[in-house]
Amino acid sequence: MRISRARTRTRTATGLAISALALGTLPAWAAPSEAAAPTAPRHTATASVTAGRQVPLQGAVNVRDVGGYRTYDGERVREGRVYRADGLSKLTDTDVGTLAGLGLTKVIDFRVPAEVQYDGVDRLPAGLSPTSRPVTDNGLFTRLLTAIGSRDPVKQEEMLGSGKAVAFMRDVYRTFVTDAANRAQFAATLRDIAASRSPLLYHCTSGKDRTGWTTYLLLRLVGVPERTAAGDYLASNTYRAAYDAKVREGLKQGGFMQNPALIIPLQEVRADYLDTALTEVTQRYGGFSGYLTKGLGLDTRTILQLRDRMVD
């Protein structure tokens, strides 16, 4: 019985640690007393951060209004129409009230079932249920479970060091373009935005990769310059920086990793990751336009509807 209980406690502790990284949550022994404040962006030349875009919540750190950006022709992306977010399972009652004030009629969850199992279902205002639209993590959760759960610094270095974590993230971004099921989920979300006249929110766990790619596509589609769209993508590093540092501190204090810096490439967004996806777009579809029409199957009417809905 003692052995069984010890194994159970070990599995539970390991699961919490994995959740801390893969799911953007913190185990109790590492949780900050309040939501971490944003710090200066790592990519100061291109990261675009506007304090007014953030929706301040206690249980999530990367919730933002997609609107407010200028398009090529000087128009502005409407605010209060589309929101991007990280995980919503840890929201407080006050946070739920804040979401209710946004007037959301649809919430799209890009997480895979393993993420939902560990992190929990979304906490949403009454009458609002998430639409599950999983985009594969390309085995990220399993990789983290194996590496961190081993508590073996040698194995962790072998799995994540020497550029392996960066290479893995590049592969994740390639699947945004190459995987037909992923393309279908992104396309369905863009069609939802085009068809709806009510506020909508989409999210994944950290609100940076799947959510970041979706937002990049949306902004480019409605005429926001590429540099600005990339800046919005890179801004996740700002909003998540303090919180992610606390995760690494917790993993080290909990004895799970001697060198938690190994996971930084998995926590961050990088221009290189975005470029990897865009290179795949060019190689497979001849460019961004081909990806939209051939890869995502968006027709001219949908693209025009998106601009009509999103731009003043």
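Reader: Which residues does Tyr173 touch, not counting residues up to four places away in sequence?

Author: In this predicted model, Tyr173 is one of the residues that touch the most other members of the largest nonpolar core, a set of 65 residues. Beyond four places in sequence, the residues that Tyr173 touches are Lys208, Asp209, Tyr233, Val269, Tyr273, Leu274 and Ala277.

Reader: Which helices are included in what covers the buried residues of helix 13?

Author: Helix 13 spans residues 288-295, and its buried residues are Phe288, Gly290, Tyr291, Leu292 and Gly295. The cover over these buried residues includes helix 6, helix 7, helix 8 and helix 12.

Reader: Does Glu280 count as buried or exposed?

Author: Glu280 lies in helix 12, where its side chain makes a polar contact of 2.8 Å with that of Arg284. Because its relative accessibility is 12%, which is under the 20% cut-off, Glu280 counts as buried.

Reader: Over which residues does pLDDT stay under 50?

Author: The mean pLDDT of the chain is 86, and 83% of its residues reach 70 or more. Where pLDDT is low, the predicted coordinates should not be read in detail. That caution applies to the stretch where pLDDT stays under 50, for which the model has 85 contacts beyond four places in sequence, namely residues 1-47.

Technical notes:
Residues are numbered from 1 along each chain as its sequence is written. This is a predicted model: local features need pLDDT of at least 70, side-chain atom pairs count only at pLDDT 80 or more; totals for chains, interfaces and linings use all residues. Side-chain values use heavy atoms; hydrogens and water are left out. A nonpolar core is a set of buried Ala, Val, Leu, Ile, Met, Phe, Trp, Tyr and Cys residues joined through side-chain atoms within 4.5 Å. Buried means under 20% relative accessible area, exposed over 50%, partly exposed in between (1.4 Å probe, protein chains only). Contact means heavy atoms within 4.5 Å. Helices (H or I, at least four residues) and strands (E, at least two) are DSSP runs, numbered from the N terminus. pLDDT is the predictor's confidence in each residue, from 0 to 100. A polar contact is a pair of N or O atoms within 3.5 Å; within protein, one must be able to donate a hydrogen and the other to accept it, and residues adjacent in sequence count only if both atoms are side-chain atoms.
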